[in-house]
Structure formats: structure tokens, C-alpha cells
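User: Could you take a close look at the aromatic rings in this structure and walk me through what they do in the fold?

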Amino acid sequence: MKTKLVASAGKLTVIAACAFLAACGGGGGGDGGGSTGRFQVINFKYPGGNTLFNGPTALSATATSGLPVTFRSGTPATCTVADKEVTLVAAGECQVIASQPGGTGPDGTVWAAADDSSQLFVVLKAPQRPMTPLSIVLRAATASFTLPDKTSAGIPATYVSSTPEVCTVSGTTLTALKSVGLCQLGVTAPANDSYAALDAPMVFVGITPDFPMVAQLEGMTRTVALGSADAAGNALTYASTTPAVCAVAGNELRLTAKGICAVTLSSAAGTSENYQVIVDPRTYASGFDTGAKRTSQFGEIKYSAGFPRAWCADGPGGTNCKLTTFASGYGATFTLEANKKLNPDWDGTSNNWWGFLRAEIGAPTKKVDTNYEWLPFDVKTEESIMVSVGINATALVTEADGPDQPSRGLYVRIKTNHFNKKANGDNCYVTASAHVLPKFAGFNSYVIPFKDFVVTDRCEIAGLPETEGWRFDWGLSAESKAAALAEIRAHGIRSVVFEPGKINSTKPTPRADGTTPKSTDDDYTLSTEITVFGQITVQ
């Protein structure tokens, strides 16, 4: 054992000494580089694993000689190499080999051939995508539509409805049972040599009388299914006036390019309507992980709420405040409720209650290890923000509930990156707000022009116009609108906040059988619930 250890140590010493001499410009041959030149090595940067059909990946390698490095594939059935790029042609293991044959450097130094260096990685099968429509335009009580029979990979697709009260599926025939609703489909397809199996249990198709406000292409043509008749039986026809962005083909609108799709809906009754769909806007948030309190873009999710029975600063906290994921990350639900079962000392009275619920969605960040770095989310040229948000039926306030408009609907607030510390020491970011009025409970989408926002918190910064009332009770001035637009343009978006105009303190949640509990019943619950849906975009 001792002899082996000494021999090994001696060998390492000789190599280290030769490497040192080569680095210092020692003799051209010798132990460090072989008989035909100085020793050199290749530093081959790992190209990273990849997925089939993702396009060529650039290769990068350098030799200590400074001479050019060439590449070749060791597995041509899986990947090919040309022009310093590797192209994946089949699933499996890909080996790329880097070589430097030696030669004379610019300074006249003769270098020996380097030992080949290789990188080995796995080529994954490409994913399949469902080809379901983004939404259905439905003016009748019910209608049937044909779903694509294949996935994006050309493999037969199988469909199952998870919301039979909204839509049913038989083979590739989808029947919409409601004129407004969210149809949830499970889509599956088997794997083949190039594509992985598809198992998509949460594919959502919105059903509304109108067109979607925005659409993301995600690298492929997207469609909107078009109803052929209205509730009175009048035939409906459609036409696109922007063929470079979208086209009508049969009973679907095909969205093919970034831009604004303009489409006209005409009825046999003699009426017509014009719509616009913004295609491929810039994404602010597209999904929600309420466990991690992060969006798919790593924006922070914050929740605060309170009323006389509970306080949830940076909630959820306690039993009265809940933050839950809706439909596997498609949305995030923020709930504040007073429940006799959770608050046994509550007598059920709620007269003159104050309360608030605030759902805050942070701008995208960059994840570095376990930390998150702020990224600027500037809106120098975009004109509007699109949000999709819903409020529960018992918290919805409509005109029938009285003339107090500020308590109706929802406030959408943009917290900018313009920071100031207030006189009392509080940190503050200038905030601008807009007010939207839902037509009904549940899913509603809004495109809000930035020019319609007003300053609602100037953070004691001199020079900004007098802050409008937090709930617009001071009126809306042109000066404040101009200041809000300037703040958004200059400082970008730090977070988007959603807040109901009023906390529900009068309408109990109905039981499953439709009956309404009394304030003395154990299941008496006053609930206010906001669901923020992906995507939030600017355009």
C-alpha cells in the first residue's frame, strides 16, 4: 500500500510540474504536451438537456491553445452537428464531441492535439398540446361544436368533461349547456416515438356571448368557436377585417399572428357588432401557486383582510381568511368570511360593520436559488391592462342594492415603483386606481386603459395632484388621471391590487339545498370572495 501511494503522488507531481512549465512558457515538448507540441486541453461548456423539435442549440468550447475547436456528433441517430450547432432529431441520448487537432498558434507556438472532450445529455420527447378552442361565442341557450380530433402532434385525442353542468362531450362533439360558464375538459393522447403522452386534466374553455379580449398564441394557431344562431334562432355570420392577424373559417375564428384582430358579428335580424381581440400581449401573470405565494412568473402573492371578527394582515391567517388555488393554478381565490361555527361567540349581527379584502399580485421577478430578484416591469408604450377577476354571488353589489355606486364592483389598483417614506415612517409606493363594475358574479374580464386610472395614494410626494378618495368619493379629476398615467409610464408596475367596493355583511351563503340560514343558525356565513384568473396582460 505504501509503495502505491508514493508512486501515485510522484506521478501527480510530474504532471503538475509539466503543466506549470507549460503555463510559464517552458519547453515545447516534454512531459506536458507529448512529442509533437505543447500540451493543451478543451473546456467544453455543457449545452444543456433539451426537448425534441426545440430547434438548434449553439455549442461553445475553447482550447487553452486558443486554436479553434470543432464539433461532431457521436450519436447521429439522435442528434446532428453543423456550424457549431446541435440539432435534436430523435429522443434518447445525445453525445457531442469537441476536438482540437493541434497546430501552430499566432505566436508560433506548436501545440499538440488535445484529447477529445464530450458532453452527453438526454433528449426528451416533445410535449403534445390540446388543440381546444380558447373560448366559445354562444348567443343561444345551448349549441354543439366539433373539437379537433388530434393534438398538436397529430395524435388522436380523447376528451372528458369535468363540468357536466356547463358542457358535455361525446367523442369530439362538445355541447355547451350554458351561455356563460367555464367548461373544463380532460384531454389525453398516447405517446409515440417522438412525443410524450398527453394528460391534461385542466383545459378550460370559456363560454360567453362575446369574444375573448386577449389571446396568447403560444407558438401555434389558436381558435375561437363561433355559435351559428342566437337565442331567437337568427343566423349569425362572422367576418374578419384584419386577415394578417385572424381569419374566419367555417364556425371558428383562427388567430394566427400578433396584433389586433378585428371581427364583425352580424345577425340575420339586421344587427351587427364589432369586436377586437388583442393577440399575443405581454404577460404579467399567467398562473398562481398559492402554497408558494408566487405567480408562474415568480411575482409575489399577498393577501390582507379584516372585519370586526378577524384581522388577517399578510394573510391568510386564522380560520376566517383563506387563500386557495383555483383549478390547478388557473386562478387564486381570496376569501374572507364570518362563520358562526368558526366564531362561536358571534351572535350573528353585522350592522355597521367595516371591512376590507385586498388581493395583491406582484410583478414578475427572477428566481436565483431560493431568492427572488426584482425585475422592472415597465409600460412605456402599452396602453392598457387586461385582468380577469370574479366575485362571489353574495358579495356582488348591483344597482338593485341601491344607488351607492362606489360600494359596487371592484377596484383595480396599480402600485408603481415610485417610493417615498411617509412622515410617520411608513414605506409607501404611489398608487393609481380604476373602478370596474361586474355584470354578474364569477368570471369577468376587463381591458382598462391606463389613462382611466387616477392617483389614490401620492405617498406625501410634493408636486403630485391631491389624491383622489381611496374609493373615488372625491370625484375623478382630469389632473389626477394625467398624473396617474405619468406615474405608470415613469415608474412601471410593482403590483396589481384587487379590492371589492364593499365587504359582504348582509347576505348569508345559501345551503346546498337552496335554503338560506338565519343569523342564529350554526351554518350562518357571510362570505366575500375574489378569484383572480390568469392571464393578466398589458398591451
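Analyst: One aromatic cluster is made up of Phe-307, Trp-346, Trp-353 and Tyr-524. Bear in mind that this is a predicted model. The structure holds 15 aromatic pairs. In one of them, the ring centres of Phe-53 and Tyr-195 are 5.5 Å apart and the planes meet at 40°, so this pair counts as tilted. Phe-53 is partly exposed, at a relative accessible area of 48%.

Another pair, Phe-211 with Tyr-238, is edge-to-face, with 6.1 Å from centre to centre and 75° between the planes. Because Phe-211 belongs to the loop between β18 and β19 and Tyr-238 to strand β21, the pair ties together parts 27 residues apart in sequence. Phe-211 is buried, with a relative accessible area of 6%, and Tyr-238 is buried too, at 15%.

Strand β21 also leads us to a sheet. Four strands form this open sheet, in the order β19-β25-β24-β21 and with mixed pairing. β19 and β21 stand at its edges with a single partner strand each, so one side of each lacks a neighbour in the sheet. β21 runs antiparallel to β24, and five bridges join the two; Ser-240 has Val-263 in β24 as its bridge partner.

Arg-282 lies over the face of Phe-377, 4.0 Å from the ring centre, and Arg-294 lies over the face of Tyr-372, at 3.7 Å.

Notes:
Residues numbered from 1 in each chain as written. Predicted model: local features only at pLDDT ≥ 70, side-chain atom pairs only at ≥ 80, totals over all residues. Heavy atoms only, no water. Pairing = 2+ DSSP bridges. Phe/Tyr/Trp six-rings, centres within 6.5 Å; stacked < 30°, edge-to-face > 60°. Buried < 20%, exposed > 50% of the residue type's maximum accessible area, 1.4 Å probe, protein only. Lys NZ or Arg CZ within 6 Å of the ring centre and 35° of its normal.
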